[in-house]
Amino acid sequence: SGVSQPPFLLALAGRYFDLGAEFNVRGLGRGDIAPEEITHYKEKDLWQPYFDSFLRKCEFHCCSGCKGWAMTPFVAPLAHRAKIVHFNGRLKPDKAGR
């Protein structure tokens, strides 16, 4: 898993067109969001203040790579404008038997 990405990136060598974040709204199916991700969305002016009312602090079984805690549930700020949605994570619809 992931072994094909480096050769693919070398083949592209910067020859691509950025379609924008709404063409790959990712993270749907995740249970939590790292504080660093929230900071990133705020810096890009994509985070709406009302998102904060949905978040609760997760201290156990949080995302790998989180520094001891994360916020739950995962919030995808661009989901309402998504052209392509990318479900990954343990809450993926196909993992729920749907």
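Predicted model: local features only at pLDDT ≥ 70, side-chain atom pairs only at ≥ 80, totals over all residues.

Colleague: How many helices and strands does the chain have, and in what order do the elements run?

Modeller: Helices (H or I, at least four residues) and strands (E, at least two) are DSSP runs, numbered from the N terminus. In this chain there are two helices and four strands, and from the N terminus on they follow the order α-β-α-β-β-β. Of the contacts with a separation of 6 or more, 69% are between residues 24 or more positions apart, where contact means heavy atoms within 4.5 Å.

Colleague: What share of the residues counts as buried?

Modeller: Buried means under 20% relative accessible area, exposed over 50%, and partly exposed in between, with a 1.4 Å probe and protein chains only. The chain has 98 residues, and 28% of them count as buried. Its accessible surface comes to about 7,500 Å², with 57% belonging to carbon and sulfur atoms; such areas come from the Shrake-Rupley method with a 1.4 Å probe, and for residues only the protein chains shown count as cover.

Colleague: Which residues make the nonpolar surface patch?

Modeller: Patches are made of residues with over 30% relative accessible area and no salt bridge, where like charges are joined within 9 Å and nonpolar side chains (Val, Leu, Ile, Met, Phe, Trp, Tyr) within 5 Å. Here Phe17, Leu19, Phe23 and Ile84 make a nonpolar patch of about 430 Å². Phe17 lies in the loop between helix H1 (5–12) and strand E1 (25–28), and Phe17 counts as exposed because its relative accessible area is 69%.

Colleague: What is the volume of the largest pocket, and which residues are closest to its centre?

Modeller: On a 1 Å grid over the protein atoms alone, a pocket is an open set of points where a 1.4 Å probe fits, with protein on both sides within 12 Å along at least five of seven lines, and lining residues have an atom within 4 Å of a point. Grid points are joined across faces, edges and corners, and a volume is the space filled by probe spheres set on the points. The largest pocket has a volume of about 330 Å³. It is lined by 17 residues, of which Ala21, Asn24, Arg26, His40 and Tyr41 are the closest to the centre, and the elements giving two or more residues to the lining are E1 and H2.

Colleague: How many salt bridges does the structure hold, and where are they?

Modeller: Side chains of opposite charge can pair when their charged atoms come close. A salt bridge is a side-chain nitrogen of Lys or Arg within 4 Å of a carboxyl oxygen of Asp or Glu, and the structure holds two. Another joins Glu37 and Arg30 at 2.7 Å, N to O, and Glu37 counts as buried because its relative accessibility is 19%.

Colleague: Is Phe74 buried or exposed, and which residues does Phe74 contact?

Modeller: Phe74, in the loop between E3 and E4, is buried, because its relative accessible area is 11%. Leaving aside neighbours within four places in sequence, its contacts include Gly27, Ile33 and Glu37. Phe74 and Ile33 are 41 residues apart in sequence, yet 4.9 Å apart in space, C-alpha to C-alpha. Gly27, in strand E1, is also buried, with a relative accessible area of 1%.

Definitions and conventions:
Residues numbered from 1 in each chain as written. Heavy atoms only, no water.
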